[in-house]
Amino acid sequence: MPPTLREWLAEAPFALGMSSGFFAFFAHAGVLEVLEQRGLRPTLRAAGSSAGALVLGLWAGGMEAAQIGEELSRLRRADFWDPAPGPGLLRGRRFRERVGSLLRVGRFEETRVPVAVSSYDLLARRTRVLERGPLARGICASCAVPLLFQPVWIDNRPHLDGGVADRPGLAGIPAGTRLLFHHIASRSPWRRRGGSAMRIPERPEMTALVIEGLPRVHPFALERGPRARDLARWAAEAALDRPVVDGRVRLVA
């Protein structure tokens with residue numbers, strides 16, 4: 001008899017990974033809330049790209065999961081909307097200031113669990129794992145969606161959204177680490193259906209939680225965010241008592 005997700009998580013310490021997915025941070029926050037409420041916190045490591053980097057970065061940086069969910073539910077476009085000339089619609093300064101104001105620590109080295117976020121180094125044309133230095137800047141680099149945000153400069157190099165080349169956001173998780181991975185089943189019209197970026201990666205010691213049917217949230221449909229968070233909480237709660245089959249637990253919200 002395969003273990004339930006709750007049993008699998010309680011067996012031993014685990015890391016938590018969360019994928020990119022545009023404004024999927026509402027769903028990530030809902031999942032994290034359930035894990036925290038049930039005493040199933042990741043202790044080995046946390047890693048993600050874009051939306052996943054935002055939620056896990058804020059959590060590792062001192063916010064409780066419920067606080068993150070409430071903060072996101074109050075999000076309005078004006079909180080991050082700062083158009084300016086450049087290689088992207090938004091300057092990103094307002095977003096960085098907001099993230100910085102929410103963090104309880106300033107650097108990756110000070111977080112409660114080791115956290116790593118994926119970004120895309122434009123000059124090298126490859127993923128870079130950020131796990132040292134200013135935490136807010138690293139999170140915002142991982143969230144710098146091409147064309148929406150202007151690049152974030154780190155070590156004199158421009159960085160964009162980690163989901164460009166590492167949609168799962170797992171580049172910062174060492175191979176063989178016991179891992180729970182929250183995979184956002186993308187409904188983006190810009191992603192090729194069946195493409196490699198859409199597939200759940202195959203890794204030893206990984207269990208993937210996949211919640212399908214969540215509302216698609218974007219800057220002009222932020223009102224859908226709280227509903228996505230609520231559905232993710234419901235699905236994550238139900239998933240805890242579902243068996244882990246072939247390393248996955250899949251639900252429809």
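Modeller: Gladly! Among contacts in the protein chain between residues at least 6 apart in sequence, 74% join residues at least 24 apart; a contact here means heavy atoms within 4.5 Å. Please keep in mind that this is a predicted model, where local features need pLDDT of at least 70, side-chain atom pairs count only at pLDDT 80 or more, and totals for chains, interfaces and linings use all residues. Residues are numbered from 1 along each chain as its sequence is written, and side-chain values use heavy atoms, with hydrogens and water left out.

Colleague: How do you know that the radius of gyration agrees with a compact globule?

Modeller: The radius is taken over C-alpha atoms, and the globule rule is 2.2 Å times the number of residues to the power 0.38. For 253 residues the rule gives a value near 18 Å, and the protein chain has 17 Å, so the two agree. The C-alpha atoms fill a box of roughly 60 × 35 × 35 Å along the principal axes.

Colleague: Why is Ala 116 called buried?

Modeller: Buried means under 20% relative accessible area, exposed over 50%, and partly exposed in between, with a 1.4 Å probe and protein chains only. Ala 116 has 2%, so it is buried. Leaving aside neighbours within four places in sequence, Ala 116 touches Arg 45, Ala 46, Ala 47, Gly 48, Val 129, Leu 130, Glu 131 and Gly 172. In the protein chain, buried residues make up 54% of the 253.

Colleague: What makes strand β7 largely enclosed by the rest of the structure?

Modeller: Strands (E, at least two residues) and helices (H or I, at least four) are DSSP runs, numbered from the N terminus. Six of the six residues of β7, residues 179-184, are buried, so the strand is largely enclosed. Leu 179, Phe 181 and His 183 point one way from β7, while Leu 180, His 182 and Ile 184 point the other way. In a regular strand the side chains alternate between the two faces of the sheet.

Colleague: How do you know that β7 and β8 pair?

Modeller: Two strands pair if DSSP finds at least two bridges between them. β7 and β8 (residues 206-212) have six, in the parallel sense, and Phe 181 stands opposite Ala 208 there. β1 (residues 15-18) also pairs with β7 in the parallel sense, over four bridges, with Gly 17 opposite Phe 181.

Colleague: What makes a space a cavity or a pocket?

Modeller: On a 1 Å grid over the protein atoms alone, a cavity is a set of points where a 1.4 Å probe fits but cannot get out; a pocket is an open set with protein on both sides within 12 Å along at least five of seven lines, and lining residues have an atom within 4 Å of a point. The structure holds two cavities of 30 Å³ or more. The second largest cavity has a volume of about 40 Å³, where a volume is the space filled by probe spheres set on grid points joined across faces, edges and corners. The second largest pocket has about 330 Å³.
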